[in-house]
Amino acid sequence: MAVTLPIYLDNNATTRVDPRVLEAMLPYFTEHFGNSASRNHAFGWAAEEAVDTARGQVASLIGANSKEIVWTSGATESNNLAIKGTAAMYRDKGKHIITCITEHKAVIDPCKRLQREGYDVTWLEPDADGVISAAQVAAAMRDDTILVTLMWANNEIGTISEIPEIGKLCKDKGVIFHTDATQWVGKMPTDVEAAGVDLLSASAHKIYGPKGVGMLYVRRRRPRVRLVPIIDGGGHERGMRSGTINVPGVVGMGAAAELCANEMAIEGPRLKALRDKLERGVTEPLEGTKINGHPEHRLPHTSNVSFAWVEGESLMMAIRDIAVSSGSACTSASLEPSYVLKGLGVGDDLAHSSLRFGLGRFTTEEEIDYTIDKVVEGVNKLREMSPLYELAKQGVDLSKIEWAAH
Amino acid sequence: MAYSEKVIDHYEKPRNVGSLDQEAANVGTGIVGAPECGDVMKLQVLVDEQTGKITDAKFKTFGCGSAIASSSLATEWMKGKTVDEALAIKNTDIVNELSLPPVKIHCSVLAEDAIRSAIADYKKKQSETEGAAASA
C-alpha cells in the first residue's frame with residue numbers, strides 16, 4: 001500500500017480529532033447550543049446533560065467520580081490551577097513544593113512564579129533515563145511540604161515516573177500530590193485511587209479530541225482537596241473554574257475518553273510494536289545512535305532518538321514529508337536545545353541531534369517503513385557533509401577539541 | 001517556518017561538499033562553531049599561489065538547513081575570487097541571497113567567520129613558508 005504524504009508522526013504535540021469524536025460534537029454547535037449553566041429551559045438542560053455525560057466518560061477513564069472533574073481550557077490551565085490553587089489554599093500549612101527539572105513548562109513556570117512569590121521549590125533531577133524515584137521524593141520531603149507535582153509520563157522522551165509509589169508516599173505524609181498526566185491519560189490504564197493521585201491534569205487534544213479543552217481531576221474524599229481559583233466569575237465548576245463551559249469541546253473530550261478507554265488495550269500494543277520496529281529500523285543500520293528515555297518504562301507510542309554528528313533541524317529537512325519534532329535549538333523559539341534531554345545529562349551536541357517520533361491511532365505500518373528508509377537515507381546524506389562525522393572517522397575525540405563557542 | 005527556495009536548493013544540491021588536503025601549503029582551513037551550539041562549519045580554500053586566486057573551495061557543515069546553505073553558497077562565491085576579494089563577502093550578502101529570516105542570521109555570520117578563518121589560515125601558512133624560505 002502506498003503511503004499518503006505528508007506523514008504525521010508528531011502525536012505528542014497534538015493529535016487529529018477522531019472523526020467519531022467530531023461527529024459527537026457537531027450537534028452541540030448548532031442544535032443543542034445552550035449554555036449548560038442555564039438552569040431553567042430546555043436548551044440549558046440539553047447542554048447540561050451532555051456535559052454531565054462527558055464528565056462521566058472522563059471520570060471513568062481515570063477511575064474517578066464525575067463530581068471530581070473540573071473542565072478547563074487545556075492541560076496548561078489545569079496545571080496552573082492545580083499548582084497555584086494548592087499553594088494559595090495551603091500557604092499557612094507550609095511553603096515547600098517538590099517538582100523536577102524535566103517537567104513541562106506549564107508546570108515549571110507556575111513553580112518558578114511561586115518561587116518568586118516566596119515559596120520554596122525543590123527541583124529534583126532525574127536519572128539518565130529520565131526517572132524520578134520515590135526515594136528521591138522521600139528524601140526531599142519536609143515538614144512544610146504542601147505539594148508534590150510530577151508528570152506521569154514525559155512528553156519528549158516518554159519515560160514513565162513511579163507515580164503509585166510517589167502517591168503512597170505523599171498519602172503517608174499528608175502532602176497533596178499533583179500529576180501532569182497529559183501524555184499518559186488515554187494511552188495507559190489510569191486509576192487515581194490506586195495511584196494515590198490527588199490532582200491530575202489532562203488535555204483533550206492529545207487523545208484525539210479537540211484543542212482548547214482539558215480537565216483537572218480534584219479529589220473529593222480522603223483527602224478533600226480544596227483550591228483557590230485562578231479565574232473568578234460565575235462560580236462554575238464548584239467555584240474552581242468560572243467561565244461558561246465549552247460544551248461542544250467537553251462533549252468531544254468525553255467521546256475521546258470513551259474511545260480511548262475502549263481501544264487502548266489494542267492500540268497500546270499495536271503502537272509499541274510499530275515504535276519498536278521504527279527504533280530497530282533506524283538504529284541497526286546506523287552507528288552513533290542513542291535512544292533517549294527509559295528502555296522499558298516508556299510510553300508505547302513515543303520514541304526519541306539522537307543521531308550523532310547530524311543536526312536535528314537539517315535532518316527534519318531531509319525528511320520533510322514526515323512531521324516529527326527535534327530537541328535541536330534551531331527548532332525552538334529560545335535557540336536552546338531541549339532542556340529535557342539536557343536534564344538527563346544528554347550532552348548539548350546529542351540534544352541538537354535528536355528527533356522525537358510520536359506515533360498515534362492513525363499511524364500505519366507502511367508509514368513506519370517509509371519513515372525508516374527516509375531517516376536512514378537522510379542521516380547518511382548529512383553525515384557525508386558533516387565535519388564532525390569526518391573527524392570522528394579520523395579517530396578524533398570530539399569532546400577533547402576546544403571549540404570556539406558562539 | 002518555511003525555507004526559501006534557494007535554501008532548499010542548496011540543501012538538496014549542496015555545492016562543493018568535501019575536503020581538501022589540510023596539510024598542503026596552498027590550502028587554508030577554517031573550522032568555526034561548536035557542536036554544543038548546534039553548528040560547526042569547516043570551510044577550505046585551494047589557492048593558486050601565483051595569482052592569489054581561489055581555484056577550489058570545499059565545505060562540510062553540521063548544522064541546520066540554513067547553515068548548510070550558507071556554507072554551500074560561500075564556497076560557490078569564493079571560487080574564482082582572489083583571497084582579498086573573498087574577504088569582502090559579508091554575512092548580509094548571504095542573508096539577502098538566501099532570504100534568511102532573523103533567527104537564521106547567525107548561520108550567515110558563521111559562514112563569514114569560516115571564510116575569514118580559512119583565508120587567515122592560508123595567509124599564516126604562506127608567511128610561514130616565506131619565513132622558512134627567508135631563513136634558509
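How many residue pairs are in polar contact between chain A and chain B? Hi everyone, let's start there. This is a predicted model, and the count between the two chains is 14 residue pairs, both residues of each pair being at pLDDT 80 or more.

Now, which parts of chain A face chain B? Four helices of chain A each give two or more residues to that side: H10 (312-318), H12 (348-352), H13 (365-384) and H14 (387-393). Helix H10 of chain A gives the most, with four residues. Sorted by class, this side of chain A has twelve nonpolar, five polar and eight charged residues.

Let's look at the contact as a whole. Chain A brings 25 residues to it and chain B brings 28. Together the two chains bury about 2,500 Å², and 65% of that is on carbon and sulfur atoms. There are also four salt bridges across the interface. One to find on your screen joins the side chains of A:Glu390 and B:Lys42, at 2.6 Å from N to O.

Next, the largest pocket. How much space lies in it? The answer is about 780 Å³. The pocket has 40 lining residues, and those nearest its centre are A:His104, A:Asn155, A:Glu156, A:Tyr339 and A:Arg356. In chain A, helices H4 (75-89), H5 (105-116) and H11 (339-343), along with strands S12 (325-326) and S13 (354-358), each supply at least two residues of the lining. By class, the lining divides into 22 polar, eleven nonpolar and seven charged residues.

Key:
Residues numbered from 1 in each chain as written. Chains lettered and ligands numbered in written order. Predicted model: local features only at pLDDT ≥ 70, side-chain atom pairs only at ≥ 80, totals over all residues. Heavy atoms only, no water. Contact = heavy atoms within 4.5 Å. Buried area = accessible area lost by both parts, 1.4 Å probe. Polar contact = N/O pair within 3.5 Å; in protein donor to acceptor, adjacent residues only side chain to side chain. Nonpolar A, V, L, I, M, F, W, Y, C, P; charged D, E, K, R; others polar. 1 Å grid on protein atoms, 1.4 Å probe; cavity = no way out; pocket = protein on both sides within 12 Å on 5 of 7 lines; lining within 4 Å. Points joined across faces, edges and corners; volume = space filled by probe spheres on them.
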